[in-house]
Structure formats: C-alpha cells, structure tokens
Amino acid sequence: MKYDIFISYSRKDTMVADAICKALDRNGITYFIDRKGICGGAEFPAVLADAIIDSELVLFLASRNSYESRFTNKEITFAFNEKPGNSIIPYIIDGSQLPRNLRLVFADINWRNITEHPIDTVLMDDLRTILHIDAKPANAAPAKVDYGILPSGYFITDSCIGCGTCQAECPVEAISEGEIYSIDCDTCIECGSCEMVCPAEAIIRR
Ligand code: SF4
Ligand code: SF4
C-alpha cells in the first residue's frame, strides 16, 4: 500500500484533521489528506478513489459536519464498497448522532472517540498496532503526503449550495462556478464581500 491512512473529513473540521496529521507525522505513519475538497462537477475524482484504494486504513472523522458533507459521504461510501469493512475506522470528534444512511456502513465497526481515545496517545497507539508499526520512531521524519496545500485566505467549504451569490459580488472575478464554488487565491484581494453575502455561511477565512 502506498499510504497507511486515508483521512476522510469535512473541511470544517480542519483543525482536528491538522492535529491528527501532526500526530501521524510524529509517529511515522504515512497518510493522504485532500486539502482542496472535491471541486467542480459531481464526479468523484480518480485521485481520491486511487488514494482510498492505496491506503491501508480509512480514518473517518465522524462529526455533524462530516455527516452533512456530501463529499465525505461519497468517500465513505466508496471505501465501504471497495475495501474490507475492518479497514474503515470512524473517529468521533463531537457528540453528534450517526445519521441513518451511514448506520449500515458502520454497523459492525468499532468506534473510537476523541474523549476516550485522545489523538496523541490512545488513537496513535491503536493505529500503530493495527498497522503493525511496533514503536514510535525516536526522530520520525514527517511522513505527510499532501494533495494540494490549502493556502491562507478565503476558502469555500462543502456547505456551498451553489447559489452563485458570491460570484456576482466578487470585484475581481476570483470565484468560479461548480457544484461547490471555488476561489482562485491568486486573484482574490481578500475584500471579504463574498463571505458577507453567502446565505449558507460556506465561505471561511483561514
Ligand atoms: S474575498 Fe473579495 S476578492 Fe476574494 S473571492 Fe471574496 S469577493 Fe472576491
Ligand atoms: S454564496 Fe455561498 S452558497 Fe452561494 S455559491 Fe457562493 S459559497 Fe456557495
């Protein structure tokens, strides 16, 4: 396998995902994380499908945000159909109830949660055990494998409902149409107009 772990998460949970990435780096565990999100059309990108297939485990950051995310649902459904059930690990990062459509996917799977399985200790120990990585390397070099670095600035999350309001508002035409809209960070002058008009609160600044 090319990666130890594929991280499936909502972009709204980026802070938790980042903490997990840092812990994986410290433990010498390789991973794939999509920093851009699925943009443009509704097609499930081949790069994500390949990364899921090429990963030993799929770590699903389970939260209200990810339950509501069409894109996270696509990743998990794909993983459920293509990989052995015991290779999907749901990791609960808030107290939200699992929605009905995901109950079948996770029916026979052991859940872990951020309270009883803190990221830096129990979760990392669990993952190393499953992956047969015996001990934490003393000076583990970063093992991160990123797909696209999310630049700072304005960013459209997968809450976008595709209404187009932001595009009409942008003074420099930095916003492109898609199932979810996207912002060209090189063109954006960070005026904040799009964030103010978005009815879905889908535009964030980081
Ligand atoms: S912050 Fe301003 S310039 Fe940047 S995408 Fe939004 S409206 Fe356009
Ligand atoms: S205004 Fe918000 S919901 Fe509408 S297209 Fe832009 S980001 Fe998406």
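A residue is near a molecule or strand if its C-beta atom, placed from the backbone, lies within 6 Å of it. The structure is a predicted model, in which local features need pLDDT of at least 70 and side-chain atom pairs count only at pLDDT 80 or more, while totals for chains, interfaces and linings use all residues. Residues are numbered from 1 along each chain as its sequence is written, and chains are lettered from A and ligands numbered from 1 in the order in which they are written.

Around ligand 1 there are 14 residues, of which Cys 170, Cys 188, Cys 191, Ser 193 and Cys 194 come nearest. Ala, Val, Leu, Ile, Met, Phe, Trp, Tyr, Cys and Pro count as nonpolar, Asp, Glu, Lys and Arg as charged, and the others, Gly among them, as polar. By these classes, the shell of ligand 1 holds ten nonpolar, two polar and two charged residues. Ligand 2 has 13 residues around it, and Cys 160, Cys 163, Thr 165, Cys 166 and Cys 198 come nearest. Its shell has ten nonpolar, three polar and no charged residues.

Cys 166 belongs to helix α7 (residues 165–169); helices (H or I, at least four residues) and strands (E, at least two) are DSSP runs, numbered from the N terminus. A residue is buried if 20 or more other C-beta atoms, placed from the backbone, lie within 10 Å of its own, exposed if 12 or fewer, and partly exposed in between. Cys 166 counts as buried because it has 24 C-beta neighbours inside 10 Å. Cys 166 and Val 197 are 31 residues apart in sequence, yet their C-alpha atoms are 6.4 Å apart in space.

Helix α6 (residues 119–130) has twelve residues, which at 1.5 Å a residue should span 16 Å, and its end C-alpha atoms, 15 Å apart, agree with this; the expected span is 1.5 Å times one less than the number of residues. The buried residues of α6 are Leu 123, Met 124 and Leu 127. They lie on the same side of α6, because they cover an arc of only 100° around the axis, the arc being that of the directions from the helix axis to the C-beta atoms. On the other side of α6, Thr 121 and Thr 129 are exposed. After α6 comes His 132, whose phi is positive, near 60°.

In strand β2 (residues 31–34), Tyr 31 and Ile 33 on one side and Phe 32 and Asp 34 on the other are all buried.
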